[in-house]
Amino acid sequence: MGLKIITVIFLLLLTISCASATTITFSNNDSINASFTSIQDAIDQAQKNDSIVIYSGTYSETLVVDKPLSISSFSPDPKDVVITSNNSSAPIIHITADNVKVSGLTIEGDSDNPVVAGIAIGNVKNSLVSNNIISKTQNGLYIESSSGNEIQNNTMLSNTEHGIYLLDSGLNTLENNIIQSNKRGLYLDISDENIITGNEINNNQFYGLALRKSNTNEITNNQLFLNSIGLSLTSSDKNSITGNNVSNNKDQGSLLWDSGSNTLKSNVLAENRDSGITLISSTSANNVLDGNTLSNNFHGISIENSDNNIIKNNAFNSNEEYGIYHLFPGDKNTIEDNSFSDNRSENIEFTIFQQIFIFFVILIVATVIAFYFNLSWLKKGIAGLVVLLVITFILIIAWYYPFSHGLPDNNVYVENLEESIVPLNETYSRVTISMNLNYQNKDAYLYNNNTGDMIDNLPVFVQVSASTPADGSYSDEDTELIFEEQVVLEYLGSNHYECTIDMESGKTYAYDVEVKLRRELPYPHPTSGEIKWELLGGLSDNIDLR
């Protein structure tokens, strides 16, 4: 009897475990019977591993997928199912669960008010995003703190920030995607051990593919063309870059900045307006450039303050200037077994210090000859040259030192800070901070920040940061940005400004008001990333909410 009961229980468990997942169909077409009023309703009602199939139509929704599901179009053409946003502050599709599949959809934002992301993946493993078209968002696909995901055969088009953005994500595969006409193409930030293969990345405003602090990635067989910069590595090491075509870019083909131990092998770098490959600012780079074809660029390879690289077995053909250009000939690299055709093989130049030394040696020798042989015409020429050098030196000092030293400290002065405090309840108070923002000096940072002339109507960001307690017994980590807004300042105009912030009562705060200029960089900076903030002026004060 006991054996029979055990057998029945086992069969029941087996039946339950083998039950097939349900397929849920959804449509906003009244002629098609659907059980749900929205796609999100279908997601909420679905069980784990169910499939949601969407019929043709346009749907305005913001979706959160928090369980393993498959969401796809009924049609093989992703243009038949269009999902637009009803909330610009949230991703159109936000995946928060492992093992999710999203395929065959068009995910479309609004160019005038783009949503933060078409698809966002956060803290997720083993999901698949395939055969989708994502356009007119800020970031077409945003992946953060996620691993083991596959991104295949998607088109990222006309997104205002990035086609695809990986942050702190590793072991993902991005394969056979088209990343086209975005501000920036594909960005890996602090992301290791990803596979980037077979993608077509073109016509992006800044770069096609950029890595910052991202190591041991495999980048193979991609097409990167008609971007500003094809491929950029910043503070990124031990990456394998093989078999890519990096051509017809409007600036450099590939740029390695402060990056070492990378392997660039069997790539084609052709017809880039600047150099095919540029190596800068790495004293012990140890990059290996092996078997690449560099043709019809301005320079094949440019080297600037980058040592201990190995450049071998490369073919340099028909570059406009040098096959290998050394900005500073003192750089120490191994260059061997390369072939050069129809370009200058290597530039061998004196450093600026060597040039100055040689000039003065020649001047001294000429002076000795002039006086030894009593050549009056040579004496006059040397005297005139010395006078010219002295005048030039005085003009340089007069131009740079006194003028730049006399520049004001700020472009913008924050003045007349005042606070108005209204208690909201026992916990919070509403604080209104008013001030005058005097935009008086266009050229305060002209020489040390190289910004150039500023305009009469200057778009800036006003940022308010606060720390507690106000006596200064806090660390930098305790300082929090509590307000930010973009405003336009009129040169020499009356720029009165105020902002309102809800703050916790019962505390004293030290706060800073800073006026900053936001500059977008064409490729990532080692510390700043893609955005550089330039401080134009600021002022500090305290708020007592006790």
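A strand, in the sense used here, is a DSSP run of type E with at least two residues, and strands are numbered from the N terminus. By that rule the place of Ser341 is in strand S39, which covers residues 339-341. The structure to which this strand belongs is a predicted model, and in the whole protein there are four helices and 47 strands.

The mean pLDDT of the protein is 88, and 88% of its residues reach 70 or more.

Once its neighbours within four places in sequence are left aside, Ser341 is in contact with Phe316, Asn317 and Ser318. The C-alpha atom of Ser341 is separated by 8.6 Å from that of Asn319, a residue 22 positions away along the chain.

Apart from neighbours within four places in sequence, Glu336 is in contact with Ile311, Lys312 and Asn313, while Ile310, 26 residues away in sequence, is 8.1 Å from Glu336 in space, C-alpha to C-alpha. For the protein as a whole, residues 24 or more positions apart account for 50% of the contacts with a separation of 6 or more.

We now turn to the interior. Of the 546 residues in the protein, 45% are buried. In soluble globular proteins, nonpolar side chains tend to be buried together. Here the largest nonpolar core has 62 residues, and those with the most contacts inside it are Ile93, Ile119, Leu186 and Leu209. Helix H2, residues 39-45, gives the most to this core, with three residues. A second, separate core has 29 residues, among them Met435, Met454, Val460 and Cys499. What does Leu209 touch, not counting residues up to four places away in sequence? Its contacts include Leu186, Leu188, Ile196 and Ile201, and also Ile219, Leu224 and Leu231.

The surface has nonpolar parts too. The accessible surface of the protein comes to about 27,100 Å², and 52% of it belongs to carbon and sulfur atoms. A nonpolar surface patch of about 710 Å² is made by Val361, Ile364, Val365, Val368, Ile369, Tyr372 and Phe373. One of these residues, Ile369, lies in helix H3, residues 352-372, and its relative accessibility of 36% means that Ile369 counts as partly exposed.

Charged side chains make up the last part of this tour. Side chains of opposite charge can pair when their charged atoms come close. A search of the whole structure finds 13 salt bridges. In one of them the side chains of Asp502 and Arg430 meet, at 2.8 Å from N to O. Asp502 lies in strand S45 (residues 496-504) and Arg430 in strand S42 (residues 428-439), and so this pair ties together parts that are 72 residues apart in sequence. Asp502 is partly exposed, with a relative accessible area of 40%, and Arg430 is also partly exposed, at 36% relative accessibility.

Another salt bridge joins the side chains of Glu514 and Lys516, at 3.3 Å from N to O. Are these two partners buried or exposed? Glu514 counts as partly exposed, at 22% relative accessibility, whereas Lys516 is buried because its relative accessible area is 17%, and the limit for burial is under 20%.

A further salt bridge brings together the side chains of Glu534 and Arg519, at 3.1 Å from N to O. This pair links distant parts of the chain, with Glu534 in strand S47 (residues 529-544) and Arg519 in strand S46 (residues 508-525), 15 residues apart. Glu534 is buried, with a relative accessible area of 5%, whereas Arg519 is partly exposed, with a relative accessible area of 27%. Finally, salt bridges that share partners join Glu161, Lys183, Arg184, Glu520 and Glu530 into one network.

Note on methods
Residues are numbered from 1 along each chain as its sequence is written. This is a predicted model: local features need pLDDT of at least 70, side-chain atom pairs count only at pLDDT 80 or more; totals for chains, interfaces and linings use all residues. Side-chain values use heavy atoms; hydrogens and water are left out. pLDDT is the predictor's confidence in each residue, from 0 to 100. Buried means under 20% relative accessible area, exposed over 50%, partly exposed in between (1.4 Å probe, protein chains only). Contact means heavy atoms within 4.5 Å. Accessible areas come from the Shrake-Rupley method with a 1.4 Å probe; for residues, only the protein chains shown count as cover. A nonpolar core is a set of buried Ala, Val, Leu, Ile, Met, Phe, Trp, Tyr and Cys residues joined through side-chain atoms within 4.5 Å. Patches are made of residues with over 30% relative accessible area and no salt bridge: like charges are joined within 9 Å, nonpolar side chains (Val, Leu, Ile, Met, Phe, Trp, Tyr) within 5 Å. A salt bridge is a side-chain nitrogen of Lys or Arg within 4 Å of a carboxyl oxygen of Asp or Glu.
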